[in-house]
Amino acid sequence: ATPTALLAATGRGARLGVLVSGARALEALRRVDTVVLDKTGTLTTGAMTVTGVTAVPGGIGAEAAIRLAAAVERDSEHPIGRALTAHARRGRDGGPLPAVTGFHATPGSGVRGTVEGRRVEVARPDGPLPAPLADALETAEAAAHTAVLLRVDGAAQALFAVGDVLRPGSYRAVDRLRRLGVEPVLATGDREAAALAAAAALRITETHAGLTPEDKAALVGRLRAAGRRVAMIGDGVNDAAALARADLGIAMGGGTDVAIGAADVTLVRADIEAVADAVALSRRTLATIR
Ligand code: ADP
Ligand code: MG
């Protein structure tokens with residue numbers, strides 16, 4: 001491949017909405033046979049809204065729960081955090097959120113901090129829940145929504161259901177990639193029920209749920225060790241290690257800076273179909289110039 005031909009391909013890629021940085025990425029794109037897809041923010045819009053709030057009877061109550069959760073999520077760049085904060089701001093009192101000290105975000109898991117002298121944590125529910133919260137969890141996941149749990153000083157206080165929708169282009173993107181011989185694999189930190197609901201809608205047959213950021217990277221490593229040529233597409237801090245581990249890391253346009261920094265390629269728009277375009281283009285281009 002001549003540099004001129006590669007540049008031309010890169011220019012056309014940019015018009016299609018893909019920025020391909022150099023010959024190595026273009027070659028990786030041409031050879032890819034597996035694409036690992038993050039769910040939240042990649043296959044889905046990441047524009048989450050709160051669809052349900054269930055408080056434990058005899059606890060702090062729904063109003064206080066949403067206020068504490070929103071306070072601790074205020075500095076989170078995760079779609080779940082943004083949904084909870086926006087929900088609280090739309091609330092009736094509309095007053096300022098209380099201050100947080102010791103904020104800590106664990107990518108792929110949740111956030112915690114101290115608010116009004118109480119230890120507040122919002123995270124993926126793991127383990128047994130009080131009955132009303134367990135019921136709410138089941139209802140949320142049956143609707144393919146994501147459920148997160150609020151704990152205050154260690155005690156479960158409320159379950160929030162948050163939902164977003166698949167991007168309109170996700171179905172076509174997955175279908176086109178498959179027809180190009182690229183096998184889709186869904187990888188998410190969300191729980192299994194929500195993951196399977198999204199996978200079923202997109203007819204993706206290989207799903208890995210409940211993954212930490214390290215698990216996502218390890219999955220990419222295992223696929224490569226098995227001889228697959230792996231592209232990873234993600235948007236979040238939780239995807240950075242997997243993006244770096246892939247043959248080709250692809251960051252969603254509008255994704256977090258950490259994901260963009262770890263990727264080889266960034267989509268100009270948040271449009272996965274551009275990846276199918278780019279794979280098709282890279283194969284045509286390198287076929288003609290050989
Ligand atoms: P995905 O892999 O689908 O992009 P993440 O890895 O970002 O999802 O998150 C995995 C899970 O961790 C979420 O489904 C949620 O339960 C929990 N989680 C992550 N970040 C937060 C947050 N800021 N607040 C509450 N829960 C969170
Ligand atoms: Mg994501």
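Which residues in α4 meet which residues in α5? Keep that in mind while you set up the view.

This is a predicted model, in which local features need pLDDT of at least 70, side-chain atom pairs count only at pLDDT 80 or more, and totals for chains, interfaces and linings use all residues. Residues are numbered from 1 along each chain as its sequence is written, while chains are lettered from A and ligands numbered from 1 in the order in which they are written.

**Stop 1: two helices**

Select residues 62-73, helix α4, and residues 79-89, helix α5. Helices here are DSSP runs (H or I, at least four residues) and strands are too (E, at least two), numbered from the N terminus. The two axes come within 8 Å and cross at roughly 130°. Axes are lines fitted to C-alpha atoms, for helices over the stretch in contact, and angles run from 0 to 180 degrees between N-to-C directions. α4 and α5 are therefore oblique to each other. Oblique is what remains once angles under 35 degrees count as roughly parallel, over 145 as roughly antiparallel and 65 to 115 as roughly perpendicular.

Now show the contact. From α4, pick I66, R67, A69, A70 and E73; they meet G81, L84, T85, H87 and A88 in α5. Contact means C-beta atoms, placed from the backbone, within 7 Å. Colour these residues by class: five are nonpolar, three polar and two charged. Ala, Val, Leu, Ile, Met, Phe, Trp, Tyr, Cys and Pro count as nonpolar, Asp, Glu, Lys and Arg as charged, and the others, Gly among them, as polar.

**Stop 2: two domains**

Colour domain 1 (3-45 + 165-288) and domain 2 (49-163) separately. Their bounds come from an automatic or database domain assignment. The C-alpha centres lie 30 Å apart. Domain 1 gives 16 residues to the contact, and domain 2 gives nine. On the domain 1 side, find α3 (39-43) and α8 (192-202), the elements that give two or more residues. The largest share, four residues, comes from α8.

**Stop 3: the ligand**

Select ligand 1. Around it are 23 residues, the closest being T40, H78, G108, R124 and G189. A residue is near if its C-beta atom, placed from the backbone, lies within 6 Å. Helix α3 gives the largest share of this shell, three residues. By class, the shell has five nonpolar, 13 polar and five charged residues. Each of domain 1 and domain 2 supplies at least three residues to the shell.

Methods. Contact = placed C-beta atoms within 7 Å.
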